[in-house]
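Q: Hi! Could you walk me through this structure? I'd like to start with something specific and then zoom out.

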Amino acid sequence: MRIPLTKYGWPQMVIIPSVVLFVMLVLALGTIGILPLWAIILIEVLLAVVLIWSLAFFRDPLRRCPSDTDFLLAPADGRVTDIEILENSLRIGIFLSIFDAHINRAPCNVKVEKITYKKGKYKNAMNPESARTNESNDLSLIRTDVPQDQLVVRQISGAIARRIVCDCIAGEELTAGEKFGMIKFGSRTELYVTVRDAQYRTKCLVQKGDKVKAGLTPLVKYERCRK
């Protein structure tokens with residue numbers, strides 16, 4: 001069965017496997033009689049694991065995203081590390097390990113209002129402080145469904161990640177769960193939502209430690225307030 005791979009993985013999907021295969025070939029041909037057979041086999045197996053992981057990292061799983069417009073879906077795969085109220089916004093932070101799929105997806109039907117890139121450091125993305133110090137890319141979004149709130153999805157580089165990919169432009173409209181980019185090799189993604197208490201109420205549906213899937217797991221629900 002073919003594993004879907006993302007177009008955002010070029011050129012790493014070519015360079016990394018090519019280097020690993022070259023090293024495996026050199027090891028197999030150049031160390032016979034120098035290293036014991038068990039050592040050669042062990043190293044080859046470890047390199048094969050690296051080869052498989054390098055391809056699996058860029059997997060692009062096919063997903064049927066929920067169509068309910070009352071939900072805000074996870075913009076990334078990973079684990080919820082922090083949930084915080086900042087002034088009038090709810091912030092939900094998601095840490096992506098090197099074993100998670102790294103495709104970023106729109107949390108709902110939105111129009112891209114503005115994209116803001118910021119240079120920064122490469123601290124451990126598990127730390128919420130990384131959102132303020134690390135390299136990041138903010139997508140300011142406007143919901144196209146009611147309520148037409150402003151949202152922000154922040155792509156944040158981690159200690160290993162050094163490449164943020166954003167494949168959309170200001171003025172573009174995205175549907176819920178639509179792919180718009182990725183962060184390569186371990187990272188963090190945050191969702192900022194306006195806190196509401198009139199007409200509609202924003203209800204957080206996840207807790208710290210929860211595992212979430214981009215375009216599948218509801219993070220927030222809009223509930224109409226009773227009169």
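**A chat about the model**

A: Happy to. W53 is partly exposed, with a relative accessible area of 23%. Keep in mind that this is a predicted model.

Q: OK, and how many aromatic pairs does a search of the whole structure find?

A: The search turns up two. In one of them, the ring centres of W53 and F57 are 5.8 Å apart and the planes meet at 55°, so this pair is tilted.

Q: And which residues make up the edge-to-face pair?

A: That one is F57 with F58, at 5.0 Å centre to centre and 80° between the planes.

Q: Why is the pair of W53 and F57 called tilted?

A: Planes over 60 degrees apart would count as edge-to-face and those under 30 as stacked, so the 55° between W53 and F57 makes them tilted.

Q: Is F57 buried or exposed?

A: F57 is buried, with a relative accessibility of 0%. F58 is buried too. Together, W53, F57 and F58 form one aromatic cluster.

Q: Nice. Let's switch to T217. Where does T217 lie?

A: T217 is in the loop that links β14 (211-212) and β15 (218-224).

Q: What does the side chain of T217 have 2.8 Å away?

A: A polar atom of that side chain lies 2.8 Å from the backbone nitrogen of K213. If you set aside neighbours within four places in sequence, T217 is also in contact with L72, L73, A74 and V212.

Q: Now the surface. Which residues form a nonpolar patch there?

A: W10, V14, I15, V19, F22, V23 and V26 do, with about 660 Å² of accessible area together. One of them, I15, is found in helix α1 (residues 12-30) and is partly exposed, at 47% relative accessible area.

Q: Time to zoom out. How many helices and strands does the protein have?

A: Three helices and 15 strands. The C-alpha atoms fill a box of roughly 80 × 35 × 30 Å along the principal axes.

Q: What share of the 227 residues is buried?

A: Buried residues account for 46%. The accessible surface comes to about 12,100 Å², with 60% of that belonging to carbon and sulfur atoms.

Q: Last one: what about contacts between residues at least 6 apart in sequence?

A: Of those, 71% join residues at least 24 apart.

Terms used: Residues are numbered from 1 along each chain as its sequence is written. This is a predicted model: local features need pLDDT of at least 70, side-chain atom pairs count only at pLDDT 80 or more; totals for chains, interfaces and linings use all residues. Side-chain values use heavy atoms; hydrogens and water are left out. Rings of Phe, Tyr and Trp (its six-membered ring) pair if their centres lie within 6.5 Å; planes under 30 degrees apart count as stacked, over 60 as edge-to-face and the rest as tilted. Buried means under 20% relative accessible area, exposed over 50%, partly exposed in between (1.4 Å probe, protein chains only). Helices (H or I, at least four residues) and strands (E, at least two) are DSSP runs, numbered from the N terminus. A polar contact is a pair of N or O atoms within 3.5 Å; within protein, one must be able to donate a hydrogen and the other to accept it, and residues adjacent in sequence count only if both atoms are side-chain atoms. Contact means heavy atoms within 4.5 Å. Patches are made of residues with over 30% relative accessible area and no salt bridge: like charges are joined within 9 Å, nonpolar side chains (Val, Leu, Ile, Met, Phe, Trp, Tyr) within 5 Å. Accessible areas come from the Shrake-Rupley method with a 1.4 Å probe; for residues, only the protein chains shown count as cover. A salt bridge is a side-chain nitrogen of Lys or Arg within 4 Å of a carboxyl oxygen of Asp or Glu.
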